[in-house]
Amino acid sequence: MASTKRPAWANALIHTFLGAAALLSLAPTVWVMVSSFKTGNQIFTGDGFWPAPFTLQGFVDVFTQIRLHDYLLNTLLYAGLGTLGALSAGFLAAYPLARFAFLGRNALVALFSLALALPLVGMATPVFFVVRELGMFDSRAGMVVLYAALQFPFTFVVLRSFLISTPRELEEAAMIDGAGYFTTLFRVVLPLARPALATAGVVAFVNIWNEFFFANLLLMSRENQNVQLALAGFKSQFGFNVTGAVAGATLVMLVPIAIFLILQRQVISGLTAGAVK
């Protein structure tokens, strides 16, 4: 039987290519973070990569001029509760559609899955009128419900795919021991689904954290706006403080990066679950 092991030069070439691709993808993020410690003149002139002189004025500006911490709290509220809502609805919908056969199951799966293909711009008008009629226009509660609904199709698809690949023996054993439907669901299935929940949760959180379109459409009051709207308004309010803008962007990027680093093991487990049978 012929050996399938790659030669050393091939491995070196692959690792070199992957390393270069990783560096290129990280370059814009690193540039923004480093530039947040530069002066405006150095950023505009492009004079050197490292800050000279080193300054924290950009971070001072984002907290004193636009009170970025207020918008960060709003965004954390939207992303945290919206993700929790999407995961809860997605999990409760994914389990019966993955485990039980009933009339209309395939139609529901197709309906929930096809929602991923809907363009956000195409939903702007109906979403605007529905939110307004429900009395949730320009409200934190309205944005949480909307974000949970927008992220539901993705969480449903991820969780259902994971549950289909997991064995049923533990659930059957729990039911034989007298566990009811919800006991089995929350004490057996939920712990098993933690990798998939982490994967779907991180993606949903980042999507909501970076969302601008619906926030710009539905939020009018400054006290309800998210951090993306705050950074977009930085230019119109104070000319263009480029140092403050990149400092704010750095702070905004740090939160999803930290979330991923904390949950990276669970995320990787969720992404690779079912790859090897």
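So, aromatic pairs: searching the whole structure, which is a predicted model, turns up 16 of them. Take Phe 112 and Phe 156. Their ring centres sit 5.1 Å apart with the planes at 80°, so we call that one edge-to-face. Phe 112 is in helix 5, residues 105-114, while Phe 156 is in helix 7, residues 140-165, so this pair ties together parts 44 residues apart in sequence. As for accessibility, Phe 112 is partly exposed at 21% relative accessible area, whereas Phe 156 has 1% and counts as buried.

Now, Phe 205 and Trp 209. That aromatic pair is stacked, with 5.8 Å from centre to centre and 15° between the planes. Both residues belong to helix 10, residues 194-209, and being four residues apart they're separated by about one helical turn. Buried or exposed, these two? Phe 205 is buried, and Trp 209 is too.

There's also a cluster: Tyr 95, Phe 100, Tyr 181, Phe 182 and Phe 186, linked by ring pairs.

Helix 4, residues 68-99, packs with helix 9, residues 181-192, at about 105°, and the axes are 12 Å apart. Roughly perpendicular counts as 65 to 115 degrees, so that's what helix 4 and helix 9 are to each other. On the helix 4 side, the contact uses Phe 91, Leu 92, Tyr 95 and Pro 96; helix 9 brings residues including Tyr 181, Phe 186 and Val 189. Which classes do we get in that contact? Nine nonpolar residues, one polar and no charged ones.

Terms used:
Residues are numbered from 1 along each chain as its sequence is written. This is a predicted model: local features need pLDDT of at least 70, side-chain atom pairs count only at pLDDT 80 or more; totals for chains, interfaces and linings use all residues. Side-chain values use heavy atoms; hydrogens and water are left out. Rings of Phe, Tyr and Trp (its six-membered ring) pair if their centres lie within 6.5 Å; planes under 30 degrees apart count as stacked, over 60 as edge-to-face and the rest as tilted. Helices (H or I, at least four residues) and strands (E, at least two) are DSSP runs, numbered from the N terminus. Buried means under 20% relative accessible area, exposed over 50%, partly exposed in between (1.4 Å probe, protein chains only). Axes are lines fitted to C-alpha atoms, for helices over the stretch in contact, and angles run from 0 to 180 degrees between N-to-C directions. Angles under 35 degrees count as roughly parallel, over 145 as roughly antiparallel, 65 to 115 as roughly perpendicular and the rest as oblique. Contact means heavy atoms within 4.5 Å. Ala, Val, Leu, Ile, Met, Phe, Trp, Tyr, Cys and Pro count as nonpolar, Asp, Glu, Lys and Arg as charged, and the others, Gly among them, as polar.
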